[in-house]
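Please keep the sequence and the 3D view open while reading.

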Amino acid sequence: MSQPRILIVEDEPGIADTIRYVLASEGFEPVLCGTGAAALAELATGNIALAVLDVGLPDINGFELFRKIQALGELPVIFLTARSEEIDRVVGLELGADDYIAKPFSPRELAARVRGVLRRVGKVRTTQSEPATPEATPLEIDEERRRIRYYGQALDLSRYEFGLLRTLASRPGRVFSRDELLGLIWHDAESIDRTVDTHVKTLRAKLGAVTPDFDAIVTHRGIGYALAEQLPAKR
């Protein structure tokens, strides 16, 4: 089995090299990037299992880079920062980061957290486990063809409906605010909250045509939207 590739986005060479060394010694394949732009380019070409993301980068704020990474698809992220204020930790976790560690830190502790996050999201198998048998899932997303199947039925989605459902499906149960969805999908300062509401309405109708007795999109009034944390095994 190939080693999980870990993207390290850190602009301080000494810290980056230390992380690379300890992750390599723990059986991972580290990939170093010193800027947000380089990280996005690497994500577009490589199979990355997890990102260790420094908040303080020279070309982009780490939280903004995190939003861009999540727009590309589901990826576990551990924030790494020199700032230890509680507000930074809270912001990172509320955005959806999987973990947060402040400098100075123990490289071995970071490696343990990487392994723990990967184990939680199912990207690392224990040595005793048998190869997993692929199971059909209610929601199947084909990134290359930009198609989504819902209980085996292909959905006829617009560009924005695809982006909306893909984003919600990246973290079932997580509530995305309207502002977050506007920034992640529309990238348009002139778009308004009603834009999100309108697309949620049309997307909900298309999902409802497949599962008329189950609403896959949960509305959190005054906050935003989430994909149901648990979709029925069968429709």
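Phe 28 touches Gln 3, Pro 4, Ile 6, Leu 23, Ala 111, Val 114, Arg 115 and Leu 118, leaving aside residues up to four places away in sequence. The model is a predicted one. Phe 28 sits in the loop between helix H1 (13-25) and strand S2 (29-33). Its relative accessibility is 3%, so Phe 28 counts as buried. Phe 28 also has a spatial relation to Ala 49: the two are 21 residues apart in sequence, and their C-alpha atoms are 9.9 Å apart.

**The chain as a whole**

The protein chain has eight helices and 11 strands. Of its 235 residues, 45% are buried. Take the contacts between residues at least 6 apart in sequence: 58% of these join residues at least 24 apart.

Is strand S3 mostly covered or mostly uncovered? S3 (residues 50-54) is mostly covered, with five of its five residues buried. Leu 50, Val 52 and Asp 54 point one way. Ala 51 and Leu 53 point the other way, and these too are buried.

S3 pairs with strand S1 (residues 5-9) in parallel, through four bridges. Within that pairing, Ile 8 has Val 52 of S3 as its bridge partner. S3 also pairs with strand S4 (residues 77-81), again in the parallel sense and over four bridges. Here Leu 53 stands opposite Phe 79 in S4.

| Strands | Sense | Bridges | Residues facing each other |
|---|---|---|---|
| S1 and S3 | parallel | four | Ile 8 and Val 52 |
| S3 and S4 | parallel | four | Leu 53 and Phe 79 |
| S7 and S8 | antiparallel | two | Arg 149 and Ala 154 |
| S9 and S11 | antiparallel | two | Phe 176 and Tyr 225 |

Strand S7 (residues 147-150) is joined to S8 by two bridges. Arg 149 stands opposite Ala 154 in S8.

Another open sheet of three strands runs in the order S9-S11-S10, also with antiparallel pairing. Strand S9 (176-177) and strand S10 (217-220) are its edge strands; each has a single partner strand, so one side of each is left without a neighbour in the sheet. S9 meets strand S11 (residues 224-227) over two bridges. Phe 176 stands opposite Tyr 225 in S11.

Ala 228 lies in the segment after S11. Its relative accessibility is 9%, so Ala 228 counts as buried. Ala 228 touches Pro 172, Gly 173, Phe 214, Ala 216 and Val 218, again not counting residues up to four places away in sequence. Gly 173 is 55 residues from Ala 228 along the chain, yet their C-alpha atoms are separated by 5.5 Å.

Helix H7 (residues 178-186) has nine residues, and seven are buried, so the helix is largely enclosed by the rest of the structure. The buried residues of H7 are Arg 178, Glu 180, Leu 181, Leu 182, Leu 184, Ile 185 and Trp 186.

**The largest pocket**

The largest pocket has a volume of about 870 Å³. Its lining comprises 27 residues, and Gly 73, Glu 74, Ile 141, Ala 169 and Ser 170 lie nearest its centre. Helix H2 (36-45), helix H3 (62-72), S6 and H6 are the elements that give two or more residues to this lining.

Which element gives the most to the lining? H6 does, with three residues. By class, the lining has 16 nonpolar, six polar and five charged residues.

How values were computed. Residues numbered from 1 in each chain as written. Predicted model: local features only at pLDDT ≥ 70, side-chain atom pairs only at ≥ 80, totals over all residues. Heavy atoms only, no water. Pairing = 2+ DSSP bridges. Buried < 20%, exposed > 50% of the residue type's maximum accessible area, 1.4 Å probe, protein only. 1 Å grid on protein atoms, 1.4 Å probe; cavity = no way out; pocket = protein on both sides within 12 Å on 5 of 7 lines; lining within 4 Å. Points joined across faces, edges and corners; volume = space filled by probe spheres on them. Nonpolar A, V, L, I, M, F, W, Y, C, P; charged D, E, K, R; others polar. Contact = heavy atoms within 4.5 Å.
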